[in-house]
Amino acid sequence: MSGTIAFQQSIDLARASRIGGNGLPDTAIDAAFAAVGTALARLNAAVEKGDLPLVDVAGGSDDLPAIHGAATRFLGASPVTDIVVLGTGGSSLGAQALAQLAFYQVPGLGRRDEPRLHFFDNLDPVTFGITLERLPLDTTRVLAVSKSGGTGETLIQAITLLAKLDEAGLRDRAASLILGLSEPRKDGKAHPLRDLLEPEGVQFLDHHTGIGGRYSVLSNVGLLPAAILGLDIDAIRAGARAVVASLKDGDVHAIQPAVGAALNVAAHLEGKGIAVLMAYTDRLERFAKWWIQLWAESLGKKGLGSQPVGALGPVDQHSQQQLYLDGPRDKLFTVITLDVKGTGPLIDAELAARAGQAGFAGKHVGDFVAAQGLAMTDTFAANGRPVRQIRLQRLDEYTLGALLAQFMLETILTGFALGIDPFDQPAVEEAKVLAKQYLAEGRG
Ligand SMILES: O=P(O)(O)OC[C@H]1O[C@](O)(CO)[C@@H](O)[C@@H]1O
C-alpha cells in the first residue's frame, strides 16, 4: 500500500474563472488535461515496459541497503571533518536539494556540524584553490560524481585534488579517501573519470545507465550523499513512492503530477513563457535550483519550453514582486508554503508596541511568514496573475521525496504533452566541446 501524498496542490487561483481574464481559461485547461491524459497513458505504458527506470527507482527500495552500506564504508571508522562532492548539474543539484534538510548552505545559517560539506558544482579557480589549501585532506572524504565521466569541470577538480593529495603525501590513501560514482565503462571505450581514478585504487559505484543526471536525485546520486549526512533515505523514497503509485489512480484530474503538467501546458497554450517557482522556506532554495535544470534542460527544445525562474519567499517579495505583479503578463507562478504558523521565536509584545507594530505582539516569526505566503498568493490572484499553490504541512525527508518525484513526473508529462523529448539535451554539447578545444589552444 502506498502512503499519502505529502503536499496539497491547488490550481484554482490560476483559472481565469477565479482571477479574471488574465488567468488561464477553462478551455485551455481542459485541452491541456486532454493532452496530459494521453501523456500519462504513454508514461504508464513506458513504466510497464520497463523503459523508465527513474520511475521504478523512485518507487522502489531494493537498492537502499546497498546505499546505506556505501555511506558507512565512505565515512569509514576514523573521524571525518569534511565531505567534498565533485560533480555538476544533475550530478550535484539533487544532492544539494536534499542536503538542505541537513542545513547545507541554508541562507543565513548554513551547516555548523561536522562533517562540513562542500559541493563543487561550479568551477571557480579562486574558490576551489582556496578550499584546496584549507581542507584537512587526511580527514576529508571525496565523492566524485559524473554520469558520463567526461565533464571537464569535474575532471579538472578530480585531477587537481589528486595532485594535492600527492603534495600532502597522501596519494597512497586515495583509495580510502575518494569514491567515484559514474556509468560503467563501455567495452573498449575511454572513460575519463574511471581512467583517472581507478589506477589509484579508487572504487566506483555505478550510475544507472538508463537514468539521466537531472532525473537521478532519487537514485544513489542523490541518496548516497543524503545517507552520508544521516538523512532518512527510506523516508525520501517512501514520499516519492506515494506520488509514483498515484500515477495509476485513473482520474487524470486527481493525479498531482498530471495536474501540474496540465497547468504548465495550459500556460504554454496561453503564451506564458516564464515559470516561477517561489518557495517560502530557506530549505527549498536548492530545490528550486535543481528544478531549474530539470525544467530547462528537459523542455527547452526546438523553440519550445518556458524559462524557469527560482524565487525565495519572503525575500524576493522585496526584489521581484513589483515585476511579478505589474510587469508583463507572461508568467505562471507556483508558490510553495510550509505550515510554519506558531513556530520560531516569539515576538515580544512590549517591544512590538514600541516599534509601533501592535499587530506583531505575541505572534511568532512563523506567523508572519505564513501570513506573507498567503498574502503573496492572494495578491497574485487579485492582480490576475495565475498562481498554483502547493502547501506543505512539514518539510522532512518524506515531503521532499514527494516533491522531487512530483516535479520530475510533471516535467516528463509536460514534455510528452507538448511533443518534446524530455530526456535528451542535444544543444549542451556544442559549448562543452568548444571549451575543451579552446583550452587546448590556450584561448579564453
Ligand atoms: O553527470 P555528468 O555526465 O558529468 O554531466 C553533468 C551535467 O552536464 C550536462 O550534461 C549538461 O552539460 C547535464 O545534463 C548533466 O547533468
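In the residue classes used here, Ala, Val, Leu, Ile, Met, Phe, Trp, Tyr, Cys and Pro count as nonpolar, Asp, Glu, Lys and Arg count as charged, and the others, Gly among them, count as polar. On that basis, the lining of the second largest cavity divides into four nonpolar residues, five polar residues and one charged residue. The model is predicted. The ligand takes up the space of the largest pocket, and the structure also holds three cavities of 30 Å³ or more.

**Ligand site**

- The residues around the ligand are Thr 88, Gly 89, Gly 90, Ser 91, Ser 146, Lys 147, Ser 148, Thr 151, Gln 293, Glu 297, Val 428 and Lys 432.
- By class, this shell comprises eight polar residues, three charged residues and one nonpolar residue.

**Polar contacts and burial of the ligand**

- A polar backbone atom of Gly 90 lies 2.8 Å from an oxygen atom of the ligand.
- For Lys 147, a backbone N or O atom is 2.8 Å from a ligand oxygen atom.
- Ser 148 contributes through its side chain, in which an N or O atom lies 2.6 Å from an oxygen atom of the ligand.
- The ligand taken alone exposes 400 Å², of which the protein buries 86%.

**Largest cavity**

- The largest cavity contains about 60 Å³ of space.
- Its lining is formed by Asn 264, Ala 275, Val 276, Leu 277, Trp 291, Trp 295, Leu 332, Thr 334, Arg 388, Phe 407 and Glu 410.
- Two or more lining residues come from each of the elements β7 (274–279), α13 (285–299), β9 (331–338) and α17 (397–418).
- Strand β7 supplies the largest share of this lining, with three residues.
- Seven residues of the lining of the largest cavity are nonpolar, two are polar and two are charged.

**Second largest cavity**

- About 40 Å³ of space lies in the second largest cavity.
- The residues that line the second largest cavity are Gly 90, Gly 94, Ala 95, Gly 213, Arg 214, Ser 216, Val 217, Val 221, Gly 222 and Trp 290.
- The elements giving two or more residues to this lining are α5 (93–99) and α10 (220–228).
- Gly 90 is listed both around the ligand and in the lining of the second largest cavity.

Notes
Residues are numbered from 1 along each chain as its sequence is written. This is a predicted model: local features need pLDDT of at least 70, side-chain atom pairs count only at pLDDT 80 or more; totals for chains, interfaces and linings use all residues. Side-chain values use heavy atoms; hydrogens and water are left out. A residue is near a molecule or strand if one of its heavy atoms lies within 4 Å of it. A polar contact is a pair of N or O atoms within 3.5 Å; within protein, one must be able to donate a hydrogen and the other to accept it, and residues adjacent in sequence count only if both atoms are side-chain atoms. Accessible areas come from the Shrake-Rupley method with a 1.4 Å probe; for residues, only the protein chains shown count as cover. On a 1 Å grid over the protein atoms alone, a cavity is a set of points where a 1.4 Å probe fits but cannot get out, and a pocket is an open set with protein on both sides within 12 Å along at least five of seven lines; lining residues have an atom within 4 Å of a point. A molecule sits in a cavity or pocket if more than half of its atoms lie within 2 Å of its grid points. Grid points are joined across faces, edges and corners, and a volume is the space filled by probe spheres set on the points. Helices (H or I, at least four residues) and strands (E, at least two) are DSSP runs, numbered from the N terminus.
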